[in-house]
Amino acid sequence: MLAAVAVNMPTIIIGLIIAVTFAVIVIRGIIKRKNGEGGCGCGCSGCPNSAICHKGSSKDK
């Protein structure tokens with residue numbers, strides 16, 4: 001069992017790095033969404049989808 005883990009250690013480490021990176025990106029997106037920030041990062045003036053991103057507010061950023 002320990003030999004199998006030792007042989008696959010690089011694969012396990014790379015998998016963990018990818019999983020952590022994915023989790024950080026998803027968590028950042030959730031936090032930004034809760035704070036009312038858009039998902040694209042480019043401001044809402046002139047964006048045809050600003051009403052979809054900011055359903056509760058009528059102000060443009």
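1. Overall order. Read from the N terminus, the elements of the chain run α-α-α. That makes three helices and zero strands. Keep in mind that this is a predicted model.

2. Exposure of the chain. The chain has 61 residues, and 5% of them count as buried.

3. Helix α2. This helix covers residues 9–34. Its length checks out: the 26 residues should span 38 Å at 1.5 Å a residue, and the end C-alpha atoms lie 37 Å apart, which agrees. After α2 comes G36. The phi of G36 is positive, near 85°.

4. Nonpolar surface patch. Six names to look up in the structure: V5, M9, I12, I13, L16 and I17. Together they form a nonpolar patch on the surface, with about 500 Å² of accessible area. Helix α2 gives the most to this patch, with five residues. As background, an α-helix has 3.6 residues a turn, so residues three or four places apart point the same way.

5. Where does V5 lie? It lies in helix α1, which covers residues 2–7. Is V5 buried, partly exposed or exposed? V5 counts as partly exposed, because its relative accessibility is 32%, and that class sits between the buried limit of under 20% and the exposed limit of over 50%.

Methods
Residues numbered from 1 in each chain as written. Predicted model: local features only at pLDDT ≥ 70, side-chain atom pairs only at ≥ 80, totals over all residues. Heavy atoms only, no water. Patch = residues over 30% accessible without salt bridge, like charges linked within 9 Å, V, L, I, M, F, W, Y side chains within 5 Å. Areas by Shrake-Rupley, 256 points an atom, 1.4 Å probe, with all protein chains shown as cover. Salt bridge = Lys/Arg side-chain N within 4 Å of Asp/Glu carboxyl O. Helix = DSSP H or I, 4+ residues; strand = E, 2+ residues; numbered from the N terminus. Buried < 20%, exposed > 50% of the residue type's maximum accessible area, 1.4 Å probe, protein only. Expected span 1.5 Å × (residues − 1).
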